[in-house]
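Below is a short briefing on one protein model, arranged by topic.

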Amino acid sequence: MKLDYSLVTRRTFLNTLFGGWLGTFLAGSLYAFFRFAFPTLGKEPDFVVLNPDDFLNIPANSTKPFAWGGKLGLIYKKQDNTLHALKGVCSHMECNVVYKPEEKKFYCPCHKGWFDENGKNIEGPPPKPLEFFDHRLEGDKLLVYRKGVQVELPTA
Ligand code: FES
């Protein structure tokens, strides 16, 4: 069957083409602006420097938050008083996890994911364990850093 006239007018076609181009241009410009204005947004550091006085004396079987870039970091003191540092972000879809001291497990409330006290994913959708960091005391600073990263602070 052949139509005697077109279903799309030239004007509609050109308006749609121009509108699509304009929308793409504006979205690209906005993205470039936000990347320029917030260059570290969504990026994570290789290390952070913390004040040990704020973290070394937390009670056993508890956590205390710190800023890991724009994400949640946790200093975690186990029941045996060993200190650990980890990213408090679920390996499923990056929700913040909470520590449940009565169960000695980390819980992700977004989709009911569970991690044991060593960060191993044990229940629910998380596909990988939590990310644990290395840490060390250097003078009056507590360094928390990704495993394998060499951190050298400048000497004053
Ligand atoms: S984001 Fe944590 S279980 Fe889905």
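The largest nonpolar core has 17 residues; a nonpolar core is a set of buried Ala, Val, Leu, Ile, Met, Phe, Trp, Tyr and Cys residues joined through C-beta atoms within 7 Å. Buried means that 20 or more other C-beta atoms lie within 10 Å of the residue's own (exposed: 12 or fewer; partly exposed: in between), with C-beta atoms placed from the backbone. The model is predicted: local features need pLDDT of at least 70, side-chain atom pairs count only at pLDDT 80 or more, and totals for chains, interfaces and linings use all residues. Residues are numbered from 1 along each chain as its sequence is written.

**Core**
- Ile 75, Ala 85, Leu 86, Val 97, Leu 130 and Val 144 have the most contacts inside the core.
- Two or more core residues come from each of strand 3 (71-77), strand 4 (83-87), strand 6 (105-108) and strand 10 (141-145).
- Beyond its neighbours within four places in sequence, Leu 86 is in contact (C-beta atoms, placed from the backbone, within 7 Å) with Leu 74, Tyr 76, Gly 119, Leu 130, Glu 131, Phe 132 and Phe 133.

- Four strands form an open sheet in the order 5-6-7-8, with antiparallel pairing; two strands pair if DSSP finds at least two bridges between them.
- Strand 5 (98-100) and strand 8 (121-123) are the edge strands, each pairing on one side only.
- From one strand to the next, the twist averages 40° (axes are lines fitted to C-alpha atoms, for helices over the stretch in contact, and angles run from 0 to 180 degrees between N-to-C directions).
- Strands 5 and 6 run antiparallel and are joined by three bridges.
- In this part of the sheet, Val 98 stands opposite Tyr 107 of strand 6.

**Helix and element order**
- Along the sequence the pattern is α-β-β-β-β-β-β-β-β-β-β.
- Helix 1 (residues 10-37) reaches 40 Å from its first C-alpha to its last, close to the 40 Å expected (1.5 Å times one less than its number of residues).
- None of the 28 residues of helix 1 is buried, so the helix lies largely in the open.

**Overall dimensions**
- The radius of gyration is 25 Å, whereas a compact globule of 156 residues would have one near 15 Å (taken over C-alpha atoms; the globule rule is 2.2 Å times the number of residues to the power 0.38).
- The C-alpha trace spans about 85 × 45 × 25 Å along its principal axes.
- Of the 156 residues, 17% are buried.

How values were computed: Two residues are in contact if their C-beta atoms, placed from the backbone, lie within 7 Å.
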